[in-house]
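My notes follow in the order I checked things.

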Amino acid sequence: MTTSFILGMLMSGLKLGSIYAIVAIGYSIVYGILRLINFAHGDIMTVGVYMILVLMNKAGVPLFASVILSMGFSVVVGLLIERLAYRPIRDASEEATLISSLAVSSLLQNILQMVFSAQREPFILPTFLTESHKYGIISLSLINIITFIVTAIFLVTLYFVLTKTKIGIAMRACSENMKASRLMGVSINKVVMFSFAIGSALAVIAGLLLAGEYKTVYPTLGFVPGLKAFCAAVIGGIGSLGGAVAGAFIIGVAEMLFAGLAPTSMTAYRDAFVFLLMVIVLLFRPNGIFGSTEGERS
Amino acid sequence: MLRVEDLIVRYGGITAVDGISFHVEQGECVALIGANGAGKSTTLQAISSLLKVASGKISFCGTDITKTPADAIVKMGLVQVPEGRQIFTKLSVIENLRMGAYTNSDQSLEKKNRDWVMELFPILKERARQSAGTLSGGEQQMLAIGRALMSSPKMLLLDEPSMGLSPIMTQSVFDVLKHLKDNGITTLLIEQNAYDALEISDRAYIMETGRITLEGKSADLIKDYRVKDAYLGGSI
């Protein structure tokens with residue numbers, strides 16, 4: 001086993017980790033404010049990818065413009081889901097909203113299947129994006145580099161929004177104390193909508209990177225990666241954004257190392273490995289690695 | 001300025017507020033006094049639209065706000081300092097103050113208010129960058145009041161500002177309230193601490209199990225034997 005093989009695995013892990021990070025943050029933001037685990041979040045990713053595909057193949061829109069339009073579309077879908085499925089039961093128990101989100105997830109997958117069929121459709125990005133270049137002993141494609149840069153830009157921007165803008169501070173305030181936030185004149189609906197919009201737009205970026213990696217799209221594409229991103233958020237400590245990012249990179253790297261180092265007969269179990277990892281972390285750190293030890297919100 | 005008429009609020013199966021009426025005029029400090037469980041906090045929460053009103057009417061500056069959402073009420077200038085302070089412990093002192101100014105989009109007004117609040121509570125200036133959870137109870141109460149002032153309120157609703165504070169801290173909270181009153185800010189003060197509340201207020205209502213049982217000028221109530229017996233330990 002060569003160093004470059006291990007390095008390659010690490011790079012793939014970091015790449016996967018940054019995709020998970022973008023999705024995990026979507027989970028975490030919404031959870032922080034609503035205590036809602038939005039299982040449909042991974043499927044928004046799929047919706048976004050299909051939208052890009054339709055715009056590019058059927059309407060001949062260039063890739064970049066397709067991505068932007070698809071983000072807009074997915075934000076609308078995300079807001080509609082919030083308005084129709086989650087807002088009416090906002091005061092219900094966490095279990096009720098969780099089940100509701102599973103239903104929405106299943107609904108989205110089935111709608112996609114009805115509209116596009118359950119078949120895998122090719123999702124081929126231009127070759128200049130995907131061909132590998134050697135840099136010393138590691139090889140990277142342009143899309144890999146873009147993935148890292150996009151993730152970094154996004155994390156810095158999000159940090160800025162959460163610490164410097166009023167709506168961002170209000171998001172943190174709501175996640176700590178919703179009642180007091182309302183007494184400050186914060187409109188909870190606005191904050192919730194803002195967090196769904198951010199999450200949905202980001203999910204499209206993650207979906208694009210993921211489908212580009214798999215070179216295909218199908219109705220359940222986002223579901224398992226969505227679950228893994230959820231694991232990342234849980235491992236990091238759900239509600240903690242830094243934790244979500246750290247958890248995402250831990251999972252991404254662990255998953256790729258497992259895929260690369262485990263015996264060939266075992267590599268099919270890489271998804272199971274990730275979930276096992278979450279179970280083990282939770283056994284020792286029930287609130288996740290960076291999670292607060294405090295109880296429920298007042 | 002604030003007018004509450006025949007207010008009934010139910011809480012689960014219990015009628016916590018059972019048909020009360022009171023009013024607060026511009027520039028007044030009015031106290032709502034009563035023991036734990038009398039329905040005082042419920043009344044405030046109903047005014048701020050955190051709880052649904054079963055029946056009755058609440059109006060502010062002539063506008064019916066019975067069904068107005070909480071954030072819109074804050075925008076109208078009616079701001080509550082909640083029981084137990086409820087500051088954002090994970091945010092810094094400065095960020096807490098920014099949240100207080102959430103409804104105010106005028107940057108220069110926000111800065112003016114912040115300077116004023118920090119002059120009023122110098123400790124907040126010293127602790128500006130600290131996370132609010134590290135403040136002492138008294139400092140947190142100062143922050144809670146300062147945060148409410150950031151929105152340039154027309155009227156403050158204060159829910160037991162002296163709760164859980166040392167006698168010295170309680171005194172300084174009441175000094176601040178006196179200062180606000182001198183600055184023409186209308187206040188509705190909820191207290192169990194009847195003596196201090198009657199000292200500072202112009203008028204007061206005494207509340208018992210969801211009803212107002214006594215009302216009048218604070219200067220008269222403080223001498224009233226019924227108030228003395230029930231709330232002032234008889235001998236003051």
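**Entry 1: what counts as an element.** I take helices as DSSP runs of H or I with at least four residues, and strands as runs of E with at least two, numbered from the N terminus. On that basis I count twelve helices and four strands in chain A. This is a predicted model, and I read it as such.

**Entry 2: confidence.** I looked up the scores next. The predictor gives the complex an ipTM of 0.89 and a pTM of 0.87. Chain B averages a pLDDT of 91, and 98% of the residues score at least 70.

**Entry 3: chain A overall.** I checked the dimensions of chain A. Its C-alpha trace spans about 60 × 50 × 35 Å along the principal axes. Chain A has a radius of gyration of 19 Å, which agrees with the value near 19 Å for a compact globule of 298 residues. Of the 298 residues in chain A, 46% are buried. I also looked at contacts in chain A with a separation of 6 or more: residues 24 or more positions apart account for 73% of them.

**Entry 4: the hairpin in chain B.** Strand β1 (residues 2-11) of chain B pairs with strand β2 (residues 14-24) of chain B in the antiparallel sense, over eight bridges. I find B:R3 opposite B:H23 in β2(B). β1(B) and β2(B) form a hairpin with two residues between them. In the turn, B:G12 has a positive phi of about 65°.

**Entry 5: the open sheet in chain B.** I traced six strands in the order β6-β7-β8-β3-β9-β10 (chain B), and the pairing is mixed. Which strands are at the edges? They are β6 (78-81) and β10 (211-217) of chain B, and each pairs on one side only. From one strand to the next, the twist averages 15°. β6(B) runs parallel to strand β7 (residues 155-159) of chain B, and four bridges join them. In β7(B), B:L157 is the bridge partner of B:Q80. Helix α1 (residues 40-47) of chain B packs on the sheet. I see α1(B) touching β3 (29-34), β6, β7, β8 (186-191) and β9 (203-208) of chain B. The direction of α1(B) makes about 145° with that of β7(B).

**Entry 6: a buried helix.** Why is helix α3 (residues 93-100) of chain B largely enclosed by the rest of the structure? Seven of the eight residues of α3(B) are buried, so the helix is largely enclosed. The buried ones are B:V93, B:E95, B:N96, B:L97, B:R98, B:M99 and B:G100. I looked up what covers them. The cover includes α4 (107-120), α5 (122-126) and α6 (137-149) of chain B, together with α7 (166-176) of chain A.

**Entry 7: the contact between the chains.** The contact takes 15 residues from chain A and 20 residues from chain B. On the chain A side, α7 and α8 (178-183) of chain A are the elements that give two or more residues. α7(A) gives the largest share of that side, six residues. By class, I find seven nonpolar, three polar and five charged residues on the side of chain A that touches chain B.

Definitions and conventions
Residues are numbered from 1 along each chain as its sequence is written. Chains are lettered from A and ligands numbered from 1 in the order in which they are written. This is a predicted model: local features need pLDDT of at least 70, side-chain atom pairs count only at pLDDT 80 or more; totals for chains, interfaces and linings use all residues. Two strands pair if DSSP finds at least two bridges between them. Axes are lines fitted to C-alpha atoms, for helices over the stretch in contact, and angles run from 0 to 180 degrees between N-to-C directions. Two residues are in contact if their C-beta atoms, placed from the backbone, lie within 7 Å. A residue is buried if 20 or more other C-beta atoms lie within 10 Å of its own, exposed if 12 or fewer, and partly exposed in between; C-beta atoms are placed from the backbone. The radius of gyration is taken over C-alpha atoms; the globule rule is 2.2 Å times the number of residues to the power 0.38. Ala, Val, Leu, Ile, Met, Phe, Trp, Tyr, Cys and Pro count as nonpolar, Asp, Glu, Lys and Arg as charged, and the others, Gly among them, as polar. pLDDT is the predictor's confidence in each residue, from 0 to 100.
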